[in-house]
Amino acid sequence: TGASVHITEVLDSFDDQSAKLSPFSNYKVGQVIPKCRVIEHVRSSTHHQLSLKPSKLKNISETVADRLDWDSIKRGSIYNGWITEITPSGLKVALSLTVSGIVFVTAVSHDLEIMSNLNNHFSLGEGVKCKVTRVKSHEQLLELSIKALDPSPASNIPNSLSELVPGVVVPGRISKVILDQAIYVELFNDVRGRVLLVDIDDHLKPNPAVDFVGRIGEVVMCYVLETSPVLYLSLRKSRVNPESVKEPLQNPEITDASSLAPGALVCGYI
């Protein structure tokens, strides 16, 4: 007979910061645990699932509360979770033995440096508090956000496609570069926008997408130009951060026909 304690069945809260970073840090191989609770037993096997949560050990005569499952998760709910995987796309977080979700890289933080270097700021097994932003129980798809719980002024940044409107600036992850066409940027877990060649830089450059070939996975700030029927974005500094532009633009943006005049010199890409 064997047994195991899932990482989500150790702590009730994140009050102990050292335990939050490593929930098993207070346990050693060979250590005798005086009390634990069986929360699941599969009849077809000899393996048991145990819990060390103080709330489940407090009154051993009480019935164990139902564990978090897909049917009980609601959008907007807040849960404690544990990081089980770190990738350039984001964090995989376990909420219970059977429920895990994804914190896409742009939903991790408002800080561009943190988004660009997840491994420097998070560790496997670390506890994080998350808000549910999207749930599809039938597909077992769960999207979570850490930055949605940040009360900072930047927290009004859109967290989903429905919140996107032309004119907002949002972080995104470079996912694909087609040299003669566009740069593709992921804003959310399944939302990808397109940056056309003319919207990459305020300065006229031959093959402007070349500089981004080696930057797949990098997080950049994007200005939303259009949302329907296609999501178009701009990486121009004059759009993303106009206050930083001090000199006249070498490659001014043409937004519509009214900005053109007879005899004007314009630039474009084949």
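Partly exposed describes a residue whose relative accessible area lies between the buried limit, under 20%, and the exposed limit, over 50%. The views below show a predicted model.

**View 1. A nonpolar surface patch that includes phenylalanine 24.** Phenylalanine 24 has a relative accessible area of 34% and is therefore partly exposed. Phenylalanine 24 sits in the loop that runs between helix 1 (17-21) and strand 2 (37-41). Together with Tyr27 and Ile33, Phe24 makes up a nonpolar patch on the surface. The accessible area of these residues together is about 240 Å².

**View 2. The salt bridge between glutamate 186 and arginine 173.** The closest N and O atoms of this pair are 2.8 Å apart. Distant parts of the chain are linked here: glutamate 186 belongs to strand 10 (residues 182-188) and arginine 173 to strand 9 (residues 169-178), with the two 13 residues apart. Glutamate 186 and arginine 173 are both buried. In the structure there are 9 salt bridges.

**View 3. A salt-bridge network of Asp201, Lys205 and Asp211.** Within this view, lysine 205 forms a salt bridge with aspartate 201, and their closest N and O atoms are 3.2 Å apart. Lysine 205 is partly exposed because its relative accessibility is 30%. Aspartate 201 has a relative accessibility of 21%, so aspartate 201 also counts as partly exposed. Salt bridges link Asp201, Lys205 and Asp211 in a network.

**View 4. The salt bridge between glutamate 253 and arginine 239.** The side chains of glutamate 253 and arginine 239 meet at an N to O distance of 2.9 Å. The pair links distant parts of the chain, 14 residues apart: arginine 239 is in helix 5, and glutamate 253 is in the segment after helix 5 (237-240). Glutamate 253 is partly exposed because its relative accessible area is 24%. Arginine 239, at 21% relative accessibility, therefore counts as partly exposed. Side chains of opposite charge can pair when their charged atoms come close.

**View 5. Cysteine 36 and cysteine 130.** Cysteine 36 has a relative accessible area of 33% and is therefore partly exposed. Cysteine 130 is at 1% relative accessibility, so cysteine 130 counts as buried. A disulfide is a covalent bond between the sulfur atoms of two cysteines. Searching the whole structure gives 0 disulfides.

Note on methods. Residues numbered from 1 in each chain as written. Predicted model: local features only at pLDDT ≥ 70, side-chain atom pairs only at ≥ 80, totals over all residues. Heavy atoms only, no water. Salt bridge = Lys/Arg side-chain N within 4 Å of Asp/Glu carboxyl O. Helix = DSSP H or I, 4+ residues; strand = E, 2+ residues; numbered from the N terminus. Buried < 20%, exposed > 50% of the residue type's maximum accessible area, 1.4 Å probe, protein only. Patch = residues over 30% accessible without salt bridge, like charges linked within 9 Å, V, L, I, M, F, W, Y side chains within 5 Å. Areas by Shrake-Rupley, 256 points an atom, 1.4 Å probe, with all protein chains shown as cover. Disulfide = S-S within 2.5 Å.
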